Amino acid sequence: MRRFPLPALCACATCAVLLVGCQSPVAPVPPPPPVQQAQSLSFEIAGPSQIDINGLVTWEVFAFGGSGEYQYLWEVTRQAGQQIITTATERKLSLLITQADGDMSVKVTVTSGNQTRAESFDVRNCIVGC
């Protein structure tokens, strides 16, 4: 059997091809962006906790955080338990208060996305004096 030695050039060319094939660049894949979590829903209420004169009284909600548009629900109850209003759905609540209304309890519920938070506070009617 006759042997044919491989030429050195041929062996290097084959080797070079293998090295180039092994070192082919791979495009880097950036990591996925971090998942943004909604901030906790919170709010503050501006308005009086004591009423001294007959007239229009306004409370306003300032909401923060959450994950979408804000929805509001106001519930106002007189001290004797008689409900004044339960369907106000705006950011502001304005009521005409008289002496006959007495003290009141106000509850506001704010919803944003899948988060809901409620807070209640009392309003003292001091129109005749406290």
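The legends below describe close-up views of one predicted model.

Residues are numbered from 1 along each chain as its sequence is written. In this predicted model, local features need pLDDT of at least 70 and side-chain atom pairs count only at pLDDT 80 or more, while totals for chains, interfaces and linings use all residues, and side-chain values use heavy atoms, with hydrogens and water left out.

View 1. Helices (H or I, at least four residues) and strands (E, at least two) are DSSP runs, numbered from the N terminus. Along the sequence, the pattern reads α-β-β-β-β-β-β-β-β. Of the 130 residues of the chain, 24% count as buried, where buried means under 20% relative accessible area, exposed means over 50%, and partly exposed lies in between (1.4 Å probe, protein chains only).

**View 2. An open sheet of three strands in the order β1-β3-β6.** The pairing in this sheet is antiparallel, and two strands are said to pair if DSSP finds at least two bridges between them. The edge strands, each of which pairs on one side only, are β1 (39-46) and β6 (92-97). Strand β3 (residues 55-66) pairs with β6 over six bridges, and Val57 stands opposite Leu95 in β6.

**View 3. Trp59 in the largest nonpolar core.** A nonpolar core is a set of buried Ala, Val, Leu, Ile, Met, Phe, Trp, Tyr and Cys residues joined through side-chain atoms within 4.5 Å. The largest one has 21 residues, of which Trp59, Trp74 and Val110 touch the most other members. At least two residues of this core come from each of β1, β3, β4 (70-78), β6, β7 (104-112) and β8 (115-125). Not counting residues up to four places away in sequence, Trp59 touches several residues, including Ile45, Trp74, Leu95 and Phe121, a contact being heavy atoms within 4.5 Å.

**View 4. The salt bridge between Glu60 and Arg91.** A salt bridge is a side-chain nitrogen of Lys or Arg within 4 Å of a carboxyl oxygen of Asp or Glu, and by this rule the count comes to three. In this pair the closest N and O atoms are 2.4 Å apart. Glu60 lies in strand β3 and Arg91 in the loop between β5 (83-88) and β6, 31 residues apart. Glu60 counts as buried because its relative accessibility is 17%, whereas Arg91, at 36%, is partly exposed.

**View 5. The salt bridge between Arg78 and Asp101.** Here the closest N and O atoms are 3.0 Å apart. This pair links distant parts of the chain, with Arg78 in strand β4 and Asp101 in the loop between β6 and β7. Arg78 is partly exposed at 25% relative accessibility, while Asp101 is buried at 9%.
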